[in-house]
Amino acid sequence: MSVQSVASPAISFTSPKRNSLTHIPGDEGWPLIGKTLEALADPKGYVEKNAAKYGQVYRSHLFGETIVSLLGPDANELVLFDQGKMFSSTLGWGRILGLLFPRGLMLLDFEEHRLHRRALSVAFKSGPMKSYLAELDTGIAARVAQWKAQPGAMLFYPAMKQLTLDLAATTFLGAGIGPEIDGITRAFVDMVAASVAVIRKPLPGTAMARGVKGRKRIVAYFSEQIPIRRARGGEDLFSQLCRATHENGALLSARDIADHMSFLMMAAHDTLTSSLTSFVGELAANPQWQAKLRDEVNAPGTAAGQRTTFDDLEAMPLCEMAFKEALRLKPPVPSMPRRAIRDFSFKGYAIPAGTLVGVNPLFSHHMPEIWPDPETFDPTRFTDEAQRGRHRFAWVPFGGGAHMCIGLHFAYMQAKCFARHFLQNIEVSLQPGYTPDWQMWPIPKPRDGLRVQIRPLA
């Protein structure tokens with residue numbers, strides 16, 4: 001069996017005629033720009049206002065195209081679980097990420113996606129994960145020690161962004177990457193910046209042009225390194241993928257490895273930067289929870305300078321619940337697009353093939369009928385008892401179904417490793433009267449960098 005024989009056939013679509021969606025309530029706004037500016041100004045408020053006015057199915061016009069928003073846990077289950085294989089992730093994400101991260105795992109569909117996900121799963125098994133934890137532990141401990149030595153005011157988001165980028169480079173590419181690391185890092189930063197740029201074409205002088213150039217640099221580096229890594233071996237993620245095979249025993253192609261590496265580094269870097277910044281912001285704003293988590297990480301008696309083990313991580317259930325609550329409040333991917341490839345219906349509305357649809361974790365995560373007092377930080381929402389009976393698609397920061405984030409356990413591992421070192425060494429707080437101002441789309445981040453005060457602990 002060849003790899004090509006099980007690849008998904010190319011999916012084409014025709015956008016539905018404008019009048020085929022007019023039975024769906026909504027307001028498409030101005031010609032061309034539609035409601036884009038309003039949605040960008042306040043993504044959460046925009047969705048909640050439309051839901052209050054039109055219900056959990058409504059029509060809008062964003063970024064040059066009509067989109068039908070499907071809200072709530074039932075919508076999440078329909079689209080993300082996608083039991084009937086009715087929704088294309090390729091055609092949903094492609095116009096956003098296609099120039100920079102083409103054929104990343106999230107941009108593949110159905111059997112082709114399954115084939116590649118299975119091949120990539122080797123990099124997230126027990127042996128490699130232990131190696132990643134060792135690299136994460138070393139990098140996080142060293143950076144927290146630097147922060148501890150410089151107490152006082154700190155802009156946390158840029159500091160965390162640099163840390164996650166450095167961790168992605170060492171964990172995914174290997175500690176011995178050499179002098180090329182600066183060029184690779186710069187190219188990667190340009191790709192990430194371009195992925196959220198307003199101008200979506202690589203016009204000269206634009207972020208997109210720099211991003212496309214950065215992708216060429218990244219692809220050239222990976223292509224050159226693949227035969228070296230296959231011969232040399234290694235425990236980093238890149239080396240794991242260089243040896244990964246499909247079901248028929250065929251190695252991943254050089255282009256596939258480059259595409260998957262680029263996408264995985266972007267996902268691990270940008271989403272974890274957002275999530276860990278949100279986590280620390282909540283600890284700073286809720287000192288009573290910070291104290292409870294610090295008691296938990298200190299309880300096993302592991303000294304601050306000792307290496308973190310998987311047993312240490314297993315002994316941190318409250319830290320995991322707090323991280324989950326931070327993901328609920330500010331999901332790193334607040335909206336998820338798909339393209340319907342067949343006619344379907346939802347809540348009584350017939351929706352034709354070709355329609356761009358979107359589900360909205362940010363909305364689902366703040367529904368008061370599911371999450372009482374939804375703006376309050378409360379990790380006890382994620383006790384076993386609290387979760388019993390809750391809709392399984394009420395909380396979807398990692399997506400769901402076949403496209404559930406392949407790096408989910410890596411994210412938990414990094415978050416708890418970070419929490420352990422940070423809480424054992426540093427106390428964090430907000431200045432009196434300061435309220436962080438968050439930009440919620442495309443990936444949540446504090447507009448002012450999140451100003452915190454840090455105090456070293458003995």
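These legends accompany several close-up views of a predicted model.

**View 1. Helix 2 and its buried face.**
Let us start with helix 2, which runs through residues 43–54 and so has twelve residues. From its first C-alpha to its last it reaches 16 Å, close to the 16 Å expected at 1.5 Å a residue. Which residues of helix 2 are buried? They are Pro43, Lys44, Tyr46, Val47, Asn50, Ala51 and Tyr54. Looking down the axis of helix 2, you would find these buried residues within an arc of 165°, so they line one face of the helix. On the face turned away from the buried side sit the exposed residues Ala52 and Lys53. The cover over the buried residues of helix 2 includes helix 1 (36–41), strand 1 (57–62) and helix 15 (361–364). Just after helix 2, look for Gly55, which takes a positive phi of about 100°.

**View 2. Asn360, a buried loop residue.**
Here we move to the loop between strand 8 (356–359) and helix 15, where Asn360 lies. Is Asn360 buried or exposed? Its relative accessibility is 11%, so Asn360 counts as buried. Setting aside neighbours within four places in sequence, you can see Asn360 in contact with Val47, Leu70, Leu71, Asn76, Pro334 and Ser335.

What do the buried residues of helix 5 (residues 110–120) pack against? Their partners are helix 10 (237–243) and helix 11. The buried residues themselves are Glu112, His113, Leu115, His116, Ala119 and Leu120. They cover an arc of only 160° around the axis, which puts them on the same side of helix 5. Phe110 also lies in helix 5, and its phi is near 55°, a positive value in a residue other than glycine. With a relative accessible area of 21%, Phe110 is partly exposed. Now find Arg103 in the loop between helix 4 (89–97) and helix 5. Arg103 has a positive phi of about 60° although it is not a glycine, and it is partly exposed at a relative accessible area of 33%.

**View 3. Helix 7 crossing helix 8.**
Two helices meet in this view: helix 7 (residues 156–173) and helix 8 (residues 181–195). Their axes come within 11 Å and cross at roughly 120°. The crossing of helix 7 and helix 8 is right-handed. Helix 7 brings Leu165, Ala169 and Leu173 to the contact, while helix 8 brings Ile181, Ile184, Thr185, Phe188 and Val189. Sorted by type, the residues of this contact are seven nonpolar, one polar and no charged.

**View 4. Helix 14 and its neighbours.**
Helix 14 (residues 317–329) is next, with 13 residues. It is mostly covered, as eleven of its 13 residues are buried. Among them are Met321, Phe323, Lys324, Glu325 and Arg328.

**View 5. Where helix 12 meets helix 14.**
The axes of helix 12 and helix 14 come within 8 Å and cross at roughly 145°. On the helix 12 side, the contact is made by Trp289, Lys292, Leu293, Glu296 and Val297, and on the helix 14 side by Pro317, Leu318, Cys319 and Ala322. These residues divide into seven nonpolar, no polar and two charged. Take a moment to pick out Leu293 in helix 12. At 0% relative accessibility, Leu293 counts as buried. Not counting residues up to four places away in sequence, Leu293 touches Phe279, Leu283, Leu318, Cys319, Ala322 and Leu423.

**View 6. Lys148 in helix 6.**
Lys148 is found in helix 6 (residues 126–148). This lysine is partly exposed, with a relative accessible area of 24%. Which residues does Lys148 touch, not counting those up to four places away in sequence? They are Asn425, Ile426, Pro456, Leu457 and Ala458.

**View 7. A cis peptide bond.**
To finish, find Trp441 and Pro442, which are joined by a cis peptide bond with omega of about 0°. Pro442 has its place in the loop between strand 10 (438–439) and strand 11 (445–446).

Notes: Residues are numbered from 1 along each chain as its sequence is written. This is a predicted model: local features need pLDDT of at least 70, side-chain atom pairs count only at pLDDT 80 or more; totals for chains, interfaces and linings use all residues. Side-chain values use heavy atoms; hydrogens and water are left out. Axes are lines fitted to C-alpha atoms, for helices over the stretch in contact, and angles run from 0 to 180 degrees between N-to-C directions. Helices (H or I, at least four residues) and strands (E, at least two) are DSSP runs, numbered from the N terminus. A crossing is left-handed if the near helix is turned anticlockwise from the far one by less than a right angle, and right-handed if clockwise. Contact means heavy atoms within 4.5 Å. Ala, Val, Leu, Ile, Met, Phe, Trp, Tyr, Cys and Pro count as nonpolar, Asp, Glu, Lys and Arg as charged, and the others, Gly among them, as polar. The expected span of a helix is 1.5 Å times one less than its number of residues. Buried means under 20% relative accessible area, exposed over 50%, partly exposed in between (1.4 Å probe, protein chains only). The arc is that of the directions from the helix axis to the C-beta atoms.
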